[in-house]
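Student: I would like to go through the labels used for this model and see what each one rests on. Please set each value against its definition.

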Amino acid sequence: MTTVNLTVPDMACGACVDTITKAIKTLDPTAKIDTNLESKAVQIEASINESSITEAIEQAGYIVKA
Ligand SMILES: [Cu+2]
């Protein structure tokens, strides 16, 4: 398990959170994802590496900042 902390500045509402959560869970259904809409923070605990997570979020249409 790795814990990855990312910032997704365009994450603006619950639908964004859903989209991002689904994108990550497609890669790792057991991933634990914590999001904070105010700080735009996304914390992911998963068995996949950071670049896979970043790629999944970007493919869902969001820009990721480490
Ligand atoms: Cu949204």
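Student: Why is Cys16 called buried?

Tutor: Buried means under 20% relative accessible area, exposed over 50%, and partly exposed in between (1.4 Å probe, protein chains only). Cys16 has a relative accessible area of 9%, so it is buried.

Student: What makes Cys13 partly exposed?

Tutor: Its relative accessibility is 35%, and therefore Cys13 counts as partly exposed.

Student: What do these values rest on?

Tutor: This is a predicted model, in which local features need pLDDT of at least 70 and side-chain atom pairs count only at pLDDT 80 or more, while totals for chains, interfaces and linings use all residues. Residues are numbered from 1 along each chain as its sequence is written, and side-chain values use heavy atoms, with hydrogens and water left out.

Student: Which residues are the protein donors of the copper ion, and what makes them donors?

Tutor: Donors are N, O and S atoms within 2.8 Å of the metal (3.2 Å for Na, K and Ca); water is not among the atoms, so sites may look incomplete. The SG atoms of Cys13 and Cys16 lie 2.0 to 2.1 Å from the copper ion, and these are its protein donors.

Student: How do you know that E1 and E3 pair?

Tutor: Strands (E, at least two residues) and helices (H or I, at least four) are DSSP runs, numbered from the N terminus. Two strands pair if DSSP finds at least two bridges between them. E1 and E3 have six, in the antiparallel sense, and Thr2 stands opposite Ala46 in E3. Five bridges join E2 to E3, also antiparallel, with Asn36 opposite Ala41 in E3.

Student: Why are E1 and E2 at the edges of the sheet?

Tutor: The open sheet has the order E1-E3-E2. E1 and E2 (32-36) each have a single partner strand, so one side of each is left without a neighbour in the sheet.

Student: What makes a set of residues a nonpolar core, and which members touch the most others?

Tutor: A nonpolar core is a set of buried Ala, Val, Leu, Ile, Met, Phe, Trp, Tyr and Cys residues joined through side-chain atoms within 4.5 Å. The largest one has 18 residues, of which Ile24, Ile44, Ile53 and Ile57 touch the most other members. Elements giving two or more residues are E1 (2-7), H1 (14-27), E3 (41-46) and H2 (50-59), and H1 gives the largest share, four residues.

Student: Which residues is Ile53 in contact with, leaving aside neighbours within four places in sequence?

Tutor: Contact means heavy atoms within 4.5 Å. On that basis Ile53 is in contact with Val4, Leu6, Ile24, Ile44 and Ile48.
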